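Hi,

Here is the structure I said I would pass on.

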Amino acid sequence: MNWGEFFAMNGYASYIWGSYGMALLIFIIEIVMVRHRRALILQQLHLMRNAEDVMT
Amino acid sequence: MAINWFKYSSPSTFYKVAGKMVPWFAWSAAILFIAGLYIGFFVAPTDIQQSEAYRIMFIHVPASILSMFIYLIMAGYAALGLIFNTRLSSMMASALAPTGALLAFLSLWTGALWGKPMWGAWWVWDARLTSELILLFLYLGFIALHASIDDPRRADRASALLAIIGSVNVPIIYFSVQWWNTLHQGASVKFSGTSMHVAMQQGMYTMMLAVWLYAIAVSLLRVRSIILERESKAQWVSGLVEVRR
């Protein structure tokens, strides 16, 4: 079996790669969003802390 | 030996424990994804009836089962939060919802891409497909309801009720293929055994474990942010290394 034949998936390429492609996309988007959320809250906590330092 | 379980139900302790656990779950998930895809695409044989199209199973079945399982875990945490008034349980429920929703969507998407070549239709209003779509709406409803109430504790209680009532849908999804005449096939793996090829089973179970570990890793990562957001005024948060930097 060569790679061209493998990726052709006997005519089902678009269905199979469409499924796994979406899975990969969803996992990447979720990881990016979760990391972004963490970066946002940490940034906010820094700002809150700096504001307190200024006041005291 | 007495373990003080309530120690782990305090957000400050759990924040640190979760942080230590995330890399372990994430790396084991990554390794199992590679192993599962290898078995699924290079070891498992071509199916006699479905040719190569059946290989969608290795992502479709894990996504579908985990979407139902995560809902029950989410409803369980939400119920704990409602009964014992533990903040962390409610935060866990909120952390699980987006992952469950994405897996429910993935189940429907991969199902459509499998249905088209096998049934000739992307979508049919069959009991299995419809109840899974309702599961996605329940997840979205939970997230939207929680987000629409400003006071987090009130939001926890309201959305917990939705989660608990909605859990009646999970057995409906599971048994839909037995209760009604569905275009969707019945379970291939039963308690009484299976007719599936060994390599196909191994690929499916490996992928299921991989998705499971991934879901744990990403939910723990998310709950850490939720803890920080909701405890932002607590003394222990301002003492954290990542905050003091």
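Helix 8 of chain B is mostly covered, with 24 of its 33 residues buried. Bear in mind that this is a predicted model. The helix takes in residues 198–230 of chain B. From its first C-alpha to its last it reaches 47 Å, close to the 48 Å expected at 1.5 Å a residue.

As for the rest of chain B, it has 10 helices and two strands. Along the sequence they come in the pattern α-α-α-α-α-α-α-β-β-α-α-α. Of the 245 residues in chain B, 42% are buried. If you take the principal axes, the C-alpha atoms of the chain fill a box of roughly 65 × 40 × 35 Å. I also looked at contacts in chain B between residues at least 6 apart in sequence: 77% of these join residues at least 24 apart.

Then there is a residue in the other chain to look at. A:Arg38 sits in helix 2 of chain A, which covers residues 13–55. Leaving aside residues up to four places away in sequence, A:Arg38 touches B:Arg224 and B:Ser225.

Cheers

How values were computed: Residues are numbered from 1 along each chain as its sequence is written. Chains are lettered from A and ligands numbered from 1 in the order in which they are written. This is a predicted model: local features need pLDDT of at least 70, side-chain atom pairs count only at pLDDT 80 or more; totals for chains, interfaces and linings use all residues. Helices (H or I, at least four residues) and strands (E, at least two) are DSSP runs, numbered from the N terminus. Two residues are in contact if their C-beta atoms, placed from the backbone, lie within 7 Å. A residue is buried if 20 or more other C-beta atoms lie within 10 Å of its own, exposed if 12 or fewer, and partly exposed in between; C-beta atoms are placed from the backbone. The expected span of a helix is 1.5 Å times one less than its number of residues.
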